[in-house]
Amino acid sequence: FIKYQKQNGLLPRRISAPFLFYHLKFLTGKLHPHFKVPSYSPFSFIKPGKFQNIVFIISIANYIRETNDIEFLEKNYSAIKKAMGYVLKEYSYGHLISEEYFQNWSETILKKGHVLFTNVLLYKALADMAYLARMMREKIYSRTLTTKAQMLRVAIYKKFWLNTSGYYADWIDNEIVYDNFSSDGNIAAVLFS
């Protein structure tokens with residue numbers, strides 16, 4: 001994924017064969033590796049999301065915690081930091097991150113606005129990036145990210161928590177709260193908060 005990172009920090013959503021080649025593989029049983037290309041958004045006319053960068057940071061932090069592979073971290077830290085920068089361009093202190101249709105992980109479900117799952121994962125990514133920054137001895141950057149994570153955590157609770165139901169709402173669009181029970185968002189909130 002780092003190999004295909006764009007200058008602005010955006011990582012691919014997936015690296016796979018173009019849609020047409022999936023059908024050729026089905027017919028012929030063959031798919032050569034050089035047919036695989038990066039895809040940055042679910043459809044060419046949709047603005048790329050932030051989800052892939054968020055999950056990438058969480059994955060890298062998990063890898064570093066498990067392996068203590070500091071050499072890998074040092075080699076790729078600028079790309080990791082650039083991935084975080086891409087997400088933070090549209091984020092400010094104490095606010096939730098917003099997305100348009102098809103920008104979240106579930107590109108077939110129409111959600112727009114503030115989505116619980118994405119915001120909870122962003123909280124985890126901010127905390128994990130703070131951890132990686134500490135590993136690289138960037139204390140000020142680490143503290144900034146920790147502060148952002150804590151403020152986002154408070155915003156998630158204030159906006160999404162449904163006291164009467166005992167769970168977090170699924171998503172909020174233009175102050176309309178969609179209070180469906182979102183198992184992905186609620187389980188992520190339990191795991192990461």
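**Start with the helix pair**

Select α4 (116-135) and α5 (residues 139-160): the angle between them makes this pair roughly antiparallel (over 145 degrees counts as that; under 35 is roughly parallel, 65 to 115 roughly perpendicular and the rest oblique). That angle is about 160°, and the axes lie 8 Å apart. Axes here are lines fitted to C-alpha atoms, for helices over the stretch in contact, and angles run from 0 to 180 degrees between N-to-C directions. Helices are DSSP runs of H or I with at least four residues, strands are E runs of at least two, and both are numbered from the N terminus.

A word on what you're looking at: this is a predicted model, where local features need pLDDT of at least 70, side-chain atom pairs count only at pLDDT 80 or more, and totals for chains, interfaces and linings use all residues. Residues are numbered from 1 along each chain as its sequence is written, and side-chain values use heavy atoms, with hydrogens and water left out.

Now show side chains between α4 and α5. The contact (heavy atoms within 4.5 Å) includes L122, L126 and M129 of α4 and L145, L152 and I156 of α5. By class, it has 15 nonpolar, 4 polar and 3 charged residues. Ala, Val, Leu, Ile, Met, Phe, Trp, Tyr, Cys and Pro count as nonpolar, Asp, Glu, Lys and Arg as charged, and the others, Gly among them, as polar.

Keep α4 on screen and select α2 (residues 51-67). These two pack at an angle of about 45° with axes 8 Å apart, so α2 and α4 are oblique to each other. Among the residues making the contact are F51, I58 and I64 of α2 and F117, L121 and L132 of α4. The tally is 16 nonpolar, 1 polar and 3 charged.

**Then go to α6**

Select α6 (residues 183-192) and colour G185, N186, A188 and A189, which are buried (under 20% relative accessible area; exposed is over 50% and partly exposed in between, with a 1.4 Å probe and protein chains only). They sit on the same side of α6 because they cover an arc of only 160° around the axis, taken from the directions from the helix axis to the C-beta atoms. What covers the buried residues? The cover includes α4 and β5 (167-168).

**Finally, zoom out**

With the whole protein chain in view, look for 6 helices and 7 strands. Buried residues make up 44% of its 193 residues.
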